[in-house]
Amino acid sequence: MASRNDSRWLAAAACLAERARPLSRPNPAVGAIILQNDVVVGRGWTQASGRPHAEAMALEQAGTAARGGTLYVTLEPCAHQSQRGPACADLVARAGLSRVVAGVQDPDPRTAGDGIARLRQAGIAAECVDDDACRASLAGYLMRQARGRPHVTLKLAMSLDGCIALATGESQWITGDVARAHVHRERARADAILVGGATLRADRPRLDVRLPGLEDRSPQRFVLTGQEAPEGWIRISSPGEIKAIEGAQYLFIEGGAGAAAAFLREDLVDRLLLYRAPILIGGGLPALGDIGLGSLADAHGRWRQHGSHRLGSDLLEVYQRT
């Protein structure tokens with residue numbers, strides 16, 4: 001069990017890991033911090049295309065100041081050699097650290113506890129503590145390892161009465177500028193983005209990132225449809241085909257109602273982002289179609305609220321699958 005101080009520094013490392021997402025793919029986005037007498041002497045995160053790893057970056061920054069210090073890292077240091085770089089467990093062992101605290105044990109069978117074991121063999125006090133903040137920061141990697149698919153976020157922008165458009169189909173814009181900027185931020189954190197075929201044909205969305213400085217983070221675009229995909233899009237015909245999206249750890253679904261319902265029906269949504277505008281539409285298009293519930297009791301206990309944020313005049317509610 002992590003101490004309060006350990007949890008604090010692991011949470012800080014998880015924040016650093018955010019800088020690696022999604023550029024580190026296909027490797028996980030990892031963050032690392034080295035302390036010497038409670039002073040940060042090195043920090044790092046996984047670099048673009050997966051190398052160097054976070055530990056290597058932090059050790060390079062710390063230099064000789066790492067000796068005798070403590071390394072906080074969100075994921076267990078890797079124990080396997082690669083043509084692209086050495087095993088992080090070996091790098092850490094040679095650096096002379098006195099303690100290593102990893103937030104999550106690596107499920108990759110090439111490491112899976114061997115990283116911590118190798119550090120202990122080198123005389124380092126090393127442990128994995130199963131930290132919630134680190135686990136959340138690695139959600140995509142852990143989902144890919146456990147179930148062979150990306151972690152899925154479903155975004156819905158709706159009125160107070162649960163509509164995503166007028167009855168005529170007009171939907172621009174339900175939410176305000178701040179909420180839409182937040183959606184672009186979420187796009188920038190995803191490896192892939194998906195929309196339903198009906199929405200693509202009706203709205204012709206770009207689904208790119210249009211935040212200054214992040215334009216190059218636009219995710220790969222997919223459409224759920226039985227028809228041929230237009231140029232620049234990749235077609236999938238069923239939700240289960242997301243397992244075949246190579247290297248993707250995070251998938252962002254932007255609707256519409258049919259695509260959202262299809263993924264919920266298959267229990268393939270891990271996180272909900274509900275953007276609620278302070279408007280009433282009445283008689284508009286509902287946010288969801290049939291999600292396959294057999295009874296009202298089946299609807300309860302599936303979601304827990306993870307947070308809420310005011311975005312201009314709109315409210316964002318975040319839910320996690322239980």
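In this predicted model, the lining of the largest cavity divides into three nonpolar, three polar and three charged residues. The residues concerned are Arg21, Pro22, Ser24, Arg25, Asn27, Ala29, Asp191, Gln249 and Tyr250. Both domain 1 (4–144) and domain 2 (149–321) contribute to this lining, so the largest cavity lies between them.

**Cavities**

- Two cavities of 30 Å³ or more are present in the structure.
- The volume of the largest cavity is about 50 Å³, while the second largest cavity holds about 40 Å³.
- The second largest cavity is lined by Arg21, Thr153, Glu186, Ala190, Tyr250, Leu251, Phe252 and Arg271.
- By class, four of these lining residues are nonpolar, one is polar and three are charged.
- Strand 11 makes the greatest contribution to the lining of the second largest cavity, supplying three residues.

**Largest pocket**

- The largest pocket has a volume of about 1,100 Å³.
- Its lining comprises 41 residues, of which Arg135, Ala136, Ala139, His151 and Gln320 are the closest to the centre.
- Elements giving two or more residues to this lining include helix 1 (4–17), helix 5 (132–137), strand 6 and strand 15.
- Helix 6 gives the most to the lining of the largest pocket, with six residues.
- The lining of the largest pocket contains 16 nonpolar, 11 polar and 14 charged residues.
- Domain 1 and domain 2 both provide lining residues, so the largest pocket lies between them.

**Second largest pocket**

- A volume of about 820 Å³ is computed for the second largest pocket.
- Among its 33 lining residues, those closest to the centre are Lys155, Ser171, Thr199, Asp203 and Glu254.
- Helix 7 gives the most to this lining, with five residues; strand 6, strand 7 (163–165), helix 8 (197–203) and strand 13 (285–286) are among the elements that each supply at least two.
- The lining of the second largest pocket has 17 nonpolar, eight polar and eight charged residues.

- Eight strands form an open sheet with mixed pairing, in the order 10-9-8-11-6-12-15-14.
- Strand 10 (234–236) and strand 14 (303–311) are the edge strands, each pairing on one side only.
- From one strand to the next, the twist averages 25°.
- Strand 8 (residues 192–196) pairs with strand 11 (residues 250–253) in the parallel sense over three bridges, and Leu194 stands opposite Ile253 in strand 11.
- Helix 7 (residues 177–188) lies across several strands, including strand 8, strand 11 and strand 12 (271–276), and runs at about 160° to strand 12.

How values were computed: Residues are numbered from 1 along each chain as its sequence is written. This is a predicted model: local features need pLDDT of at least 70, side-chain atom pairs count only at pLDDT 80 or more; totals for chains, interfaces and linings use all residues. Side-chain values use heavy atoms; hydrogens and water are left out. Two strands pair if DSSP finds at least two bridges between them. Helices (H or I, at least four residues) and strands (E, at least two) are DSSP runs, numbered from the N terminus. Axes are lines fitted to C-alpha atoms, for helices over the stretch in contact, and angles run from 0 to 180 degrees between N-to-C directions. Contact means heavy atoms within 4.5 Å. On a 1 Å grid over the protein atoms alone, a cavity is a set of points where a 1.4 Å probe fits but cannot get out, and a pocket is an open set with protein on both sides within 12 Å along at least five of seven lines; lining residues have an atom within 4 Å of a point. Grid points are joined across faces, edges and corners, and a volume is the space filled by probe spheres set on the points. Ala, Val, Leu, Ile, Met, Phe, Trp, Tyr, Cys and Pro count as nonpolar, Asp, Glu, Lys and Arg as charged, and the others, Gly among them, as polar. Domain bounds come from an automatic or database domain assignment.
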